[in-house]
Amino acid sequence: MGEIKISPDYNWFRSTVPLKKIIVDDDDSKIWSLYDAGPRSIRCPLIFLPPVSGTADVFFQQILALTGWGYRVIALQYPVYWDHLEFCDGFRKLLDHLQLDKVHLFGASLGGFLAQKFAEYTHKSPRVHSLILCNAFSDTSIFNQTWTANSFWLMPSFMLKKIVLGNFSSGPVDPVMADAIDFMVDRLESLGQSELASRLTLNCQNSYVEPHKIRDIPVTIMDVFDQSALSTEAKEEMYKLYPNARRAHLKTGGNFPYLCRSAEVNLYVQIHLLQFHGTKYAAIDPSMVSAEELEVQKVNLSTSQEEQ
């Protein structure tokens, strides 16, 4: 048990990629924790937003693989924010602090919902160039918890953890998925009461995505065919909301495919980012892209612009 935590890859990641802590709000207690890896010359990196139970390091396999291929990748951990507007304002300040005008966002579950809300929040002055939504949802009412959302801050830690653990797979899973669940339980244990309460509040507070504000953003929807916390109805709603989105289906992967099916997830991420190679919004170092590939991208780009 706990194989991921003692794996050579995870230990290599922890010893080579520093965890940074940044304060951008007037409130000194609101601390963003992040891993920023890959070439700093890239001005439109891929940013990973974790689920309720996740910390920034749950994306360590994406960071290791993608930076090895020349991408700049940032994985975040949120401070305590109690509503979506407050989160979006804090995230915008963080991007300003990092001097990033536009970014690609990969959001898992709650992270996917927040990514959509941030794209919506900044639609008049766009900061999001593309979205990868992994096991994400577009309406918090699917969890039937909107009536309790405002009381999470009162609940003790053990009760909040019980609520989160209720969404984890309880049936038989393969050993790699079992390791992923163990790792996420360990990450969950590292979160304090206010962190967990605020995330559950954001996850369940009555809110939905307004798709007309973000319809021009390239989207990839990534989901799994096996059991996850997301209902079939919630998945169908996402497909309806983004009819032109690319779909990245994983046969298995549960709630945490980025941990237990990392090779597939990394491949889908690369396929998504490929469409921006050769543009100023590329998340990859140009020297890592072959001339042939760039030529193909330019042809594809000009063709799609002509169609538009």
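**Entry 1: Proline 39**

I began with proline 39, which lies in the loop between S2 and S3. For these labels I note that helices (H or I, at least four residues) and strands (E, at least two) are DSSP runs, numbered from the N terminus. I also note that this is a predicted model, in which local features need pLDDT of at least 70 and side-chain atom pairs count only at pLDDT 80 or more, while totals for chains, interfaces and linings use all residues. Residues are numbered from 1 along each chain as its sequence is written, and side-chain values use heavy atoms, with hydrogens and water left out.

Is proline 39 buried or exposed, or in between? It counts as partly exposed because its relative accessibility is 22%. The terms are set as follows: buried means under 20% relative accessible area, exposed over 50%, and partly exposed in between (1.4 Å probe, protein chains only).

I then looked up its contacts, where contact means heavy atoms within 4.5 Å. Leaving aside neighbours within four places in sequence, proline 39 touches Gly70, Tyr71, Arg72 and Asp285. I also looked up the separation of proline 39 from alanine 197: the two are 158 residues apart along the chain, and their C-alpha atoms are separated by 35 Å.

**Entry 2: Strand S2**

Six of its six residues are buried, so I record S2 as mostly covered. On one side I find Trp32, Leu34 and Asp36, and on the other Ser33, Tyr35 and Ala37; all are buried. In a regular strand the side chains alternate between the two faces of the sheet.

Which strands pair with S2? Two strands pair if DSSP finds at least two bridges between them. Strand S1 (residues 19-22) pairs with S2 in the antiparallel sense over four bridges, and isoleucine 22 has tryptophan 32 as its bridge partner in S2. S4 is joined to S2 by five bridges, and these two strands also run antiparallel. There, aspartate 36 has isoleucine 74 of S4 as its bridge partner.

**Entry 3: Helix H2**

In helix H2 (residues 60-68) I listed Phe60, Gln61, Gln62, Ile63, Ala65 and Leu66 as buried. What do the buried residues of H2 pack against? Their partners are helix H1 (8-16), strand S2 (32-37), S3, strand S4 (73-77), helix H9 (257-260) and helix H10 (262-274). Glycine 70 follows H2, and its phi is positive, near 105°. Glycine 70 is also among the contacts of proline 39.

In helix H10 I looked up leucine 267. Leucine 267 counts as partly exposed because its relative accessibility is 48%. Leucine 267 and leucine 94 are 173 residues apart in sequence, and 28 Å separates them in space, C-alpha to C-alpha.

**Entry 4: Strand S5**

Strand S5 (residues 103-108) is also mostly covered, with six of its six residues buried. Val103, Leu105 and Gly107 point one way, whereas His104, Phe106 and Ala108 point the other way.

S5 runs parallel to strand S3 (residues 46-49), to which four bridges join it. Within that pair, isoleucine 47 has leucine 105 as its bridge partner. S5 also runs parallel to strand S6 (residues 128-134), here with six bridges, and histidine 104 stands opposite serine 130. From S5 the chain crosses through helix H4 (residues 110-121) to S6, and this β-α-β crossover is right-handed. Right-handed means that, with the strands pointing away from the viewer, the path from the first strand over the helix to the second runs clockwise.

**Entry 5: Two positive phi values**

Most residues other than glycine have a negative phi, and most peptide bonds are trans. I noted two residues with a positive value. Glutamine 99 has a phi of about 60° although it is not a glycine. It is found in the loop between helix H3 (84-97) and S5, and it counts as exposed because its relative accessibility is 61%.

Serine 109 has a phi near 55°. Its place is in the loop between S5 and H4. Serine 109 is partly exposed, as its relative accessible area is 24%.
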